[in-house]
Amino acid sequence: MNDPLRPSFSLPADRKKVLMHSCCAPCSAEVMEAMIDNGIEFDIFFYNPNIHPVQEYEIRKQENIRFAEKHGIGFIDADYDMDNWFERVKGLEHTPERGERCTACFDMRFERTALYAHEHGYDTITSSLGISRWKDMDQINGCGERAAARYDDLIYWTYNWRKHGGSQRMIEISKREAFYQQEYCGCVYSLRDTNKHRRERGRDRIHIGVRFYGQDEIKRDK
């Protein structure tokens, strides 16, 4: 932490405490360290019923818990209500990444984040999803702002976590921490499409639980 290249920033005016939706440890680590360095009070909200199968979900969650505990950050483990997620994206099974299915997925996750924030005294929500170059920042921000707009006391913080080297530090931290390296976005349809893409190029399918940053398909010693 305390990276001299990391910019100084502050919460929007009159905002005091953030509930940060986290999708995984690799994406959230730079966001977490940046907020810690800048003295921002926050907790992690892990609500990702899109992640499948359960083995993948548990690995990603435990990696996130490990990093949060290392820094003494509160971690809220929300429901894994996958049945509701499948109902939410019904009919969108074959839409592309960054399409309507992803919007519905983000809406669902941010709506739950916003509800928890409203009920537990947070005035700001944000997400680590936007730091990934594979995501559409405008799509994510739109979903976040729509969810926060349900409550008069809440805003979605649209800070661009990619800028000033944030995306590069995300990779550096992931290697430093030997985080689990997920190879698809998270949902069963992303897994399906990624494996199809790999097969078409003569690559092996994804094997869950084997890749870690800084290592070559070797499980990290626990």
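Modeller: A definition to begin with: the expected span of a helix is 1.5 Å times one less than its number of residues. Helices (H or I, at least four residues) and strands (E, at least two) are DSSP runs, numbered from the N terminus. This is a predicted model, where local features need pLDDT of at least 70 and side-chain atom pairs count only at pLDDT 80 or more, while totals for chains, interfaces and linings use all residues. Residues are numbered from 1 along each chain as its sequence is written, and side-chain values use heavy atoms, with hydrogens and water left out.

Colleague: OK, what span should helix 1 have, and how far apart are its end C-alpha atoms?

Modeller: Helix 1 covers residues 25–37, and at 1.5 Å a residue its 13 residues should span 18 Å; the end C-alpha atoms are 18 Å apart, so the two agree.

Colleague: And helix 2? What do you get for the span there?

Modeller: Its 17 residues should span 24 Å at 1.5 Å a residue, and the end C-alpha atoms are 24 Å apart, which agrees.

Colleague: Back to helix 1: how many of its residues are buried?

Modeller: 11 of the 13 are buried, so helix 1 is largely enclosed by the rest of the structure. Buried means under 20% relative accessible area, exposed over 50%, and partly exposed in between (1.4 Å probe, protein chains only). The buried ones in helix 1 are A25, P26, C27, S28, A29, E30, V31, M32, E33, A34 and M35.

Colleague: What covers them?

Modeller: The cover includes strand 1 (17–21), strand 2 (41–46), helix 2 and helix 6. That cover is counted by contact, meaning heavy atoms within 4.5 Å.

Colleague: Which residues of helix 2 are buried, and what covers those?

Modeller: In helix 2, E56, Y57, R60, K61, E63, N64, I65, F67 and A68 are buried. What covers them includes helix 1, strand 2, strand 3 (75–77) and helix 6.

Colleague: At what angle do helix 2 and helix 6 pack?

Modeller: Helix 2 (residues 54–70) and helix 6 (residues 166–177) pack at about 90 degrees, with their axes 13 Å apart. Axes here are lines fitted to C-alpha atoms, for helices over the stretch in contact, and angles run from 0 to 180 degrees between N-to-C directions. The two helices are therefore roughly perpendicular to each other. As for cut-offs, under 35 degrees counts as roughly parallel, over 145 as roughly antiparallel, 65 to 115 as roughly perpendicular and the rest as oblique.

Colleague: Which residues make that contact?

Modeller: R66, F67 and K70 from helix 2, and I173, R176 and E177 from helix 6. They divide into 2 nonpolar, no polar and 4 charged. In that scheme Ala, Val, Leu, Ile, Met, Phe, Trp, Tyr, Cys and Pro are nonpolar, Asp, Glu, Lys and Arg are charged, and the others, Gly among them, are polar.

Colleague: Where are R98 and H164?

Modeller: R98 is in the loop between helix 3 (82–88) and helix 4 (100–119), and H164 is in the loop between strand 5 (155–156) and helix 6. R98 counts as partly exposed, at 42% relative accessibility.

Colleague: Is D81 buried or exposed?

Modeller: Buried, with a relative accessible area of 13%. D81 lies in the loop between strand 3 and helix 3. Not counting residues up to four places away in sequence, D81 touches Y47, P49, M108 and R112.

Colleague: And W134, buried or exposed?

Modeller: W134 counts as exposed, at 59% relative accessibility. W134 is in the loop between strand 4 (124–127) and helix 5 (137–148).

Colleague: Last one: what's the average pLDDT?

Modeller: The average is 93, and 95% of the residues score at least 70. pLDDT is the predictor's confidence in each residue, from 0 to 100. Over residues 217–222, though, it's below 50.
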